[in-house]
Amino acid sequence: MGRRLGDRLRGYYLAYTGGFVVLIAALALLERQGMPPRWIGYAFLFFTIMIYAAIGVLSRTANVSEYYVAGRRVPAVFNGMATGADWMSAASFIGLAGTLYLSGYQGLAYVMGWTGGYVLVALLLAPYLRKFGQYTIPDFLAARYGGNAARLVGVFATVLASFVYVVAQIYGVGLIASRFVGLQFEIGVFLGLAGILVCSFLGGMRAVTWTQVAQYIILIVAYMAPVTLLSMKVTSVPLPQAVYGEVLEKVRALESEIFHLPAEEEARRRYQARADAYAERIERLPASLVEEKQRLSEAINARKLDANAPMREVLALERQRRELPADAEQARIRWGEARQAALERAATPNHHADAFPGASEEARSAARINFLTLVFCLMVGTAALPHILVRYYTTPSVREARNSVVWSLLFILALYLTAPAYAVFAKYEIYQHVVNSEIASLPGWIAAWGKLGLVSIEDINGDGLLQLAELTLNPDVIVLATPEIAGLPYVVSGLVAAGALAAALSTADGLLLTITGALSHDVYYKIIRPQASTQWRLVISKSLLLVVAVMAALFAAQKPATILSMVAWAFSIAGAAFFPALVLGIFWKRANKQGAVAGMVAGLAMTLYYMVRVQFHDIPWLGLHGIGMEPWLEVQSTSAGVWGVPVGFAVIIVVSLLTPPPPPPVRALVERLRSPHS
Amino acid sequence: MESTRKRLAYWHRNLAVTAALLCIWFVVTFVASFYARELNAVVIFGFPLGFYMGAQGALLVYVAIIWFYARYMNRLDREYGVQDEEEE
């Protein structure tokens, strides 16, 4: 039966992939015939979402085991693909290559962290969780650490980490919809919401699994296509992952040339002067704010008297005056940010492949510490994110769970080996063709993405040419704009948009399901109403899905932070809360309830404390002001887990040793987990 | 009694292979990254070695580790007769 199912699935998905390729070819042909780009964008989004919806409807289910763990009969290969799609989110698809583009070697922390974490999953968790074989991660915590206290802490951390993560996905969807279909960002967000609900609402894990396999295929084709074409163009070898070393050398040569051009240095000096001016103004607050207001008023009045002054200038000045900070406190924040932005542009850029660059020995060692701690947090977080771990509940056996991790990582590597190549090729194109060209004749993509506020240019030295320092790219742009940057047909852009959408939707589905699973299964069914009927449990679960999804969309519409840092927070949260308790739960029989609960709370609290205090200076809606602090050892807020995880381990061990050992049934459970034989 | 001893031996071999593989993982990840600047002095096919390790080398080692673990453990299960019956 297992084999027959596998064969049938392979047939379906082969046909599906073929169909998708035909769709791309057809659209490419239509584009040649003059189909407008906007229609191509619509076609891609419409067709792919229809496919997901169709799979979602076909896999609808009212069976609890099907709804939560897809009936535990997903073959290793397909579970690997589904995990890949579940895993590779908007952050991997959109954000990763862009971060690599902007920060070069430093960005590799994400590449290593998000793949090396699977070693921890494979060796420390997946087989044992499969042996345990329930529905959620809090289920495991409750069974191992006897009772609802551990379960509730687990639910809280699951919801928190997954929610931060899901907001980032929906934000990504909004971005794609607003650029490629021309919808307003907020409307795009709610469109994404509809796309997500269509897959997960009816069929739960079963529907999500089979849509995720479909989404994996689309996203990987979409990710590979532009960079392969670009590689063909630049090196005439269609294997970007293998040949980008050669391009990296060319980039290095271009960098050495561009970084020290006189105009480039001039532009950087001007940004430095601007930063200094802001610093001086901040120093003289509040007097400087009054002066600034006065200066603008005088400038406006002078222009009003002069009949020849262009109206546009007057309007611009008036807007500047209107947008002046309201009080000294606000001015300090706003000007501080402006100063920071100017400083970033004033800094001499680093060579792409240079590891831990910096002007001083301290800066270099801070870069190294941040690299290593971020890798650590991402790896531990990978091995603790509930939406990934539950995927290993869906395989038929422990053996399949082990194999499935191998497949997962192979499918994930397809993208992660390509991302660094993406960044290098994009950098080559931009340095070669965009930098130092005339601002009046810049390619169209700069204006198109500029409208969304993701690309900005400024001719600070007034020479009519675009210096590298004058170009600011949001990392999220690189992948989405690469086809345009490379001058590829629009159909490739549409394909990339469809891929990014698949990545964001698939992850959002998995996350939403995990959140609602934790709430409906763990809180409602296990704690509030254990006698609830199966049907009623699914009703609760589906209603919660709706509520959580809408809340996430509302958050995303606020455009909170860049995708990548939001996601990194989720990893630190999950890592600190779950990793110590899960690993010790399997490998240390002595770990007990008191220790686990205390350790999870302590690890989580430590992480949140550090994250909030380093990242935010004020949280107005909580009435908190002036809570910012200097980071410890220069570690950034994204790596907060590096403090939380050790605290979690230490507290579990110390508290467990101070309190009585767990009862015999728990020790028997641990014995059972350690042997695949039932 | 026999089964307890056997179970313990199985578990110890599992721990041994897990520990060994985690050591490799640690070296490839943290030791190699720590010395990335020094490794970058070596350039192969245009790739500075430190950069290459982060971008591809470490990743390939990770797959190798997981693949080896799955193969080793699946064999160990059979050797000790603890493999779970495939359902269905």
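A:S236 sits in the loop that links α9 (185-235) to α10 (240-259) of chain A, and its phi is positive, about 60 degrees, although the residue is not a glycine. Most residues other than glycine have a negative phi. A second residue of this kind is found in a predicted model such as this one: A:N436 is not a glycine either, yet has a positive phi of about 70 degrees. A:N436 belongs to the loop between α18 (419-434) and α19 (444-450) of chain A. With 16 C-beta neighbours inside 10 Å, A:N436 counts as partly exposed.

Chain A is built from 26 helices and two strands. Its radius of gyration is 26 Å, close to the 26 Å that the globule rule gives for 678 residues, so chain A is as compact as a globular protein of that length. Along the principal axes, the C-alpha atoms of chain A fill a box of roughly 85 × 65 × 45 Å. Of the 678 residues in the chain, 52% count as buried. Among contacts in chain A between residues at least 6 apart in sequence, 82% join residues at least 24 apart.

The domain assignment divides chain A into domain 1 (2-237 + 367-423 + 488-674) and domain 2 (262-365). The C-alpha centres of these two domains of chain A lie 39 Å apart. Where the domains meet, domain 1 of chain A supplies six residues to the contact and domain 2 of chain A supplies 11 residues. The domain 1 side of this contact has four nonpolar, one polar and one charged residues.

Chain A also touches a partner, chain B. Their contact takes 43 residues from chain A and 40 residues from chain B. On the chain B side, the elements that give two or more residues are α1 (2-34), α2 (36-39), β2 (47-48) and α3 (49-79) of chain B. Of these, α3(B) gives the most, with 17 residues. By class, the side of chain B that touches chain A has 23 nonpolar, 10 polar and seven charged residues.

Finally, a word on confidence. Chain A averages a pLDDT of 83, and 96% of the residues score at least 70. Confidence in chain A is lowest in helix α3 (residues 64-69) of chain A, at a mean of 74, and highest in helix α25 (residues 641-658) of chain A, at 91.

Note on methods
Residues are numbered from 1 along each chain as its sequence is written. Chains are lettered from A and ligands numbered from 1 in the order in which they are written. This is a predicted model: local features need pLDDT of at least 70, side-chain atom pairs count only at pLDDT 80 or more; totals for chains, interfaces and linings use all residues. Two residues are in contact if their C-beta atoms, placed from the backbone, lie within 7 Å. Helices (H or I, at least four residues) and strands (E, at least two) are DSSP runs, numbered from the N terminus. Ala, Val, Leu, Ile, Met, Phe, Trp, Tyr, Cys and Pro count as nonpolar, Asp, Glu, Lys and Arg as charged, and the others, Gly among them, as polar. The radius of gyration is taken over C-alpha atoms; the globule rule is 2.2 Å times the number of residues to the power 0.38. A residue is buried if 20 or more other C-beta atoms lie within 10 Å of its own, exposed if 12 or fewer, and partly exposed in between; C-beta atoms are placed from the backbone. Domain bounds come from an automatic or database domain assignment. pLDDT is the predictor's confidence in each residue, from 0 to 100.
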